[in-house]
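Student: I would like to go through the terms used for this model and ask what each one rests on.
Tutor: Then let us look at the structure.

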Amino acid sequence: MATSISPDPSTPAEVAAPYGNGPAASSPGTAASAGTAPWDSARKPLAKIRTHHLHQAKLNGERFAMLTAYDQYTAEIFDQAGIEVLLVGDSASNNVFGNETSLPVTVDELIPLCRAVTRSARRALVVADLPFGSYEVSAQQAVATGVRFLKEGLAHAVKIEGGKFYAETVRAMVQAGIPVMAHIGFTPQSEHALGGYRVQGRGDDAQRLIDDAVALADAGAFSVLMEMVPAETAAAVDAAVAVPTIGIGAGNATTGQVLVWQDMAGLRGGKMAKFVKQYADLRTSLSDAATAYGEDVRSGQFPGPEHSF
């Protein structure tokens, strides 16, 4: 499989912003303006990732990675590591703010996190979750919330949970200029209605998810995320839509994969979901560092002469 996305001749080359583009450090590299692939051979982004690059990845049979990010440093690190999409998830509720679930987090709590991530990521596409209660009332409410995330949070796109019932909401948001990522399968904001954390789309229920994905893609969603869905069902959904799909506990047939970064890097303690692979043990590393620091302070070894003026 190719390691970089090939340019799409049908997509016009991106040009410099005609109205200015903020600080020079945040301007796109020459790759995008030249119409070439946004990644180099080592899969490091050369230019800003756009929604059409994700679409091109699916057409080319390539894949992209997505991680949550909620602050300056993780956004910077993941961006420099070549992660193509960063999600400022409502999962901040139970990974930043200390809540038991994603339900309590608010728009006003998420927007500053989103702004920090977008200011710190030079290349990645930044997607923000619309939290519970911020879009369900009406399409007008969803548009208003989406506008806030793009204007105040500086997000490049937003994500909403729910099936084909929200197709018209997605359509209204897209018509307003808000790129939308759809989220189907297990939707954490509906955990009480779903009877807890349960796999969705088993057996005869697979057709429901296919119908949801098709309706949302037809309404203009630029991608469809599937959570806790059998791999066979996820593959069928991916085959049914032209837009890229993203999986979390949905097998490997999707174009992209996403994980909560604290799970991926081993910062969070406790039992991990089956679909999580831990690539580090940051919890142990941080605990060891804090323990050593505390011991040095209590014994008088820190600060030493080399740390003093």
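Predicted model: local features only at pLDDT ≥ 70, side-chain atom pairs only at ≥ 80, totals over all residues.

Student: What makes H9 roughly parallel to H10?
Tutor: The axes of helix H9 (residues 206-218) and helix H10 (residues 231-240) cross at roughly 30°. Angles under 35 degrees count as roughly parallel, so H9 is roughly parallel to H10. The two axes come within 9 Å, and the crossing of H9 and H10 is right-handed.

Student: Which residues make the contact of H9 and H10?
Tutor: From H9 they are Ala206, Leu209, Ile210, Ala213 and Val214, and from H10 they are Thr233, Ala236, Val237 and Ala240.

Student: How do you know which classes make up the contact of H9 with H10?
Tutor: Ala, Val, Leu and Ile are among the residues that count as nonpolar. The contact of H9 with H10 has eight nonpolar residues, one polar residue and no charged residues.

Student: What makes up the contact of H6 with H7, by residue and by class?
Tutor: H6 gives Ala139, Ala142, Val143 and Gly146, while H7 gives Glu168, Thr169, Ala172 and Met173. Five of the residues are nonpolar, two polar and one charged. Gly is counted as polar and Glu as charged.

Student: How do H3 and H5 pack, and what is the hand of their crossing?
Tutor: Helix H3 (residues 72-80) and helix H5 (residues 107-120) pack at an angle of about 35°, with their axes 8 Å apart. The crossing of H3 and H5 is right-handed. Gln72, Ala75 and Glu76 of H3 meet Ala116, Val117 and Ser120 of H5. The residues of this contact divide into three nonpolar, two polar and one charged.

Student: What is the volume of the largest pocket, and which residues are closest to its centre?
Tutor: The volume of the largest pocket is about 630 Å³. Of the 29 residues that line the largest pocket, Asn94, Tyr197, Glu227, Val260 and Asp263 are the closest to its centre. Helix H4 (92-95), strand E4 (157-161), strand E6 (223-227) and strand E8 (256-259) each give two or more residues to the lining. By class, the lining has 13 nonpolar, seven polar and nine charged residues.

Student: What makes the phi of Leu154 worth a remark?
Tutor: Most residues other than glycine have a negative phi. Phi of Leu154 is near 65°, a positive value in a residue other than glycine. Leu154 is in the loop between H6 and E4.

Student: Which kind of peptide bond joins Phe302 and Pro303?
Tutor: Omega is about 0°, and the peptide bond that joins Phe302 and Pro303 is cis. Pro303 is in the segment after helix H12 (282-299).

Terms used
Residues numbered from 1 in each chain as written. Heavy atoms only, no water. Axes fitted to C-alpha atoms, helices over the stretch in contact; angles between N-to-C directions. Helix = DSSP H or I, 4+ residues; strand = E, 2+ residues; numbered from the N terminus. Parallel < 35°, antiparallel > 145°, perpendicular 65-115°, else oblique. Left-handed = near helix turned anticlockwise from the far one by under 90°. Contact = heavy atoms within 4.5 Å. 1 Å grid on protein atoms, 1.4 Å probe; cavity = no way out; pocket = protein on both sides within 12 Å on 5 of 7 lines; lining within 4 Å. Points joined across faces, edges and corners; volume = space filled by probe spheres on them.
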